[in-house]
Amino acid sequence: MSEVQMIKRSPAEQSLSQRRAKESMRSQIAMFALMIFLTLVSFSMVFAHLNDVAGFSKFFVIPTLFLFAAVQVGLQLYYFMHMNEKGHGVPQMFMFTGAMLGFLIPLTFVTIVWW
Amino acid sequence: MSSVAQKSGFGATLWDWLTTVDHKKIGILYLLGGLFFFVLGGIEAMIIRLQLITPNNDLVSAGLFNDLITMHGTTMIFLAAMPILFGFMNAIMPLQIGARDVAFPFINSLGFWMFAFGGLFLNISWLFGEVPDAGWTSYASLSLHSPGHGVDFYAIGLQIAGGGTLMAGINFLVTIINMRAPGMTYMRMPLFTWTTFVASAMILFAFPPLTVGLFFLTFDRMFSGNFFDHTMGGNTIIWEHIFWIFGHPEVYILILPAFGIFSEVFSVFARKRLFGYTAMVFATVLIGFLGFMVWAHHMFTVGLGPTANAIFAVATMAIAVPTGVKIFNWLLTIWGGSIKVTTPMLYALGFIPSFVMGGVTGVMQGAAPLDYQLHDSYFIVAHFHYVIVGGVVLAIFAGLHYWWPKMFGTMLNEFLGKITFVFFFIGFHLTFLIQHWLGFWGMPRRVWTFMDGQGWNLANFISTIGALLMAIGFTVMVINIIMTTVKNERVGNDPWGDGRTLEWAIPSPPPFYNFPATPLIRGLDTLWVEKMEGSKEMITPAEPITDIHMPHGSIIPMLMSLGLFIAGFGAMFHQETSWGLGVLIFGLAFTFVTMATRSVKDDLGYYVTKEQILQDQENLKRGRN
């Protein structure tokens, strides 16, 4: 077996990592609250539409829901799946490339190809 | 190597190769598998050309001719060109970045066995006498109405082989992202590693559409689906889109590694740093992106309308720009270099004019109005053979001669290598150059025979003679390989004498753990940097020699693929036989059991001890002096 190396953290490193963890926790909770709020707003909008509240037409509610959904996906990826941290450049590049292709190809179909 | 060269019986050797997870051995397996299918596809090509040697020939029947062209195309693309390139990627790329293996050795092995069983499945169709006959593109309206099981073999065989390709691609990506040695920044990676990276990324995005398309085809043909049946509300054209959304990136997946091989060969044998390295990398990435934006140029005559045709025509021509950047960079690499015309260099020099001709005809077809004239004529056949044979196959032969010493530890005979080149190169141009004119004269592609008196006789005769010359060239190469292997004259680390990249700093073939100590990369053309500084060991280690952790071999990848192979037959026969469904379920269950076994049973690996590595080093030194 190869030797296992133990590297002790210095007090400064320890306090830095604690502070980082705290910041991360704070932002995660804030984002969680924001996502709950967005979900509540989404549901209320649909209820408003179903109960014929003035101004909540289909053409307002559906695009807004899509917008909220996109925001939630972004928050999910960046805050809960840690894409905002260092060393995630390559996964981000591949995800954005995939998303771009997944968006562009159907766009081509519905705009210029028509099957 | 003292640690591996223990004499063992045939059974033990066979078991070793069946269970290996070593990237170098898997590279050799890919290479041999690919060459086997290359021979099969080549024989099919020869029969096609012999059938077309005279008008009204009846060497083969019309049905058999359809089988031959379909299997020739499918075999050459999926089972010959890609696996051989994967062989080089597997064997060389980890050495170039200073890694001990690929990121997932087990998945690497699984990828190979899925390719092997998929290819076997496809070619077993010859034994059943029901062969795919709808062209390698297998357009849906035709493939749905093809009687017998021919197209079923195509759909399932490619599904299995394609799964293996996807795994190999992901594996290479993870390897290059995560396993580069200290100091090996992205912009210090050799061009072959870069092209492997971009080609793998393209596999990642291009193969899922193929998987989906093949599943649709499988459902339509074997499970009463209606995806492509317009009488049931399906859409035939969708297959063409799906196929080409995969198919166009696929041709770049083939040509990019070929570009990588030539980039290495040019700079080694011109004995100069690759000109415009940064521009080369940028061009590679740009070709990778643009490759996904042009699929509809295969479908100009479908009737997409002028808007789509115009946009796709412009996008297509845009690809000529990064490709042109590459061509000029290669020319400027040779310019002023101290050129050694070895066999690989000969292929590289032959490649530039050949590939440019293929590229120019590509731009001609990219012009949508002209494509209406050229579509489905022999001009198209000439074009894609110019890019695939003039680009990919020449690269494969160049790579074979260039890396043979690194993979097998012996040097292919240079004289025979040059004979091969002369026959193959002249034969290639003789076969395909005249086909451009055949196209202009109106000969349609994929025709079984043609009538006398249309002015096509002489051109077809010349074309067939060229094909025979290519066959002679290839035969000489096989003789060369056999002779070299029998003679078995071992070579040192850097048999070409001018190696620039890391693979030439270690023994040929390398020990199974590649690097005794992970190397420190101090610049582009790592080995060249060391040579210029007069380093004795040719590698600056990044760490002291310690125990190396290695994975155990495993038979599970082969069994997993075997399960899918069995399930394929079940799926194919389940409609007309009572046992089909059972076999399908058994095959899938078999695969799942092997997967579960793999998940439950941990492979903890083993350690190569420091003492053994030092002993190996010592033996090597003694052997050298």
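The model is predicted.

Chain B contains 20 helices and two strands. Its C-alpha atoms occupy a box of roughly 70 × 60 × 45 Å along the principal axes. The radius of gyration is 24 Å. Of the 625 residues in chain B, 53% are buried. Contacts in chain B were also sorted by sequence separation. Among those between residues at least 6 apart, 83% link residues at least 24 apart.

Chain A meets chain B through nine residues, which contact 15 residues of chain B. On the chain A side, seven of the touching residues are nonpolar and two are polar. None there is charged. Chain A itself is assigned two domains: domain 1 spans 16-84 and domain 2 spans 87-115. The C-alpha centres of these two domains of chain A are 23 Å apart.

Within chain B, Y386(B) belongs to helix α14, which covers residues 378-408. Y386(B) has 25 C-beta neighbours inside 10 Å and therefore counts as buried. Leaving aside residues up to four places away in sequence, Y386(B) touches S354(B), M357(B), G358(B), T361(B) and F432(B). I479(B) lies 93 residues from Y386(B) in sequence. In space, the C-alpha atoms of Y386(B) and I479(B) are 26 Å apart.

Notes
Residues are numbered from 1 along each chain as its sequence is written. Chains are lettered from A and ligands numbered from 1 in the order in which they are written. This is a predicted model: local features need pLDDT of at least 70, side-chain atom pairs count only at pLDDT 80 or more; totals for chains, interfaces and linings use all residues. Helices (H or I, at least four residues) and strands (E, at least two) are DSSP runs, numbered from the N terminus. The radius of gyration is taken over C-alpha atoms; the globule rule is 2.2 Å times the number of residues to the power 0.38. A residue is buried if 20 or more other C-beta atoms lie within 10 Å of its own, exposed if 12 or fewer, and partly exposed in between; C-beta atoms are placed from the backbone. Two residues are in contact if their C-beta atoms, placed from the backbone, lie within 7 Å. Ala, Val, Leu, Ile, Met, Phe, Trp, Tyr, Cys and Pro count as nonpolar, Asp, Glu, Lys and Arg as charged, and the others, Gly among them, as polar. Domain bounds come from an automatic or database domain assignment.
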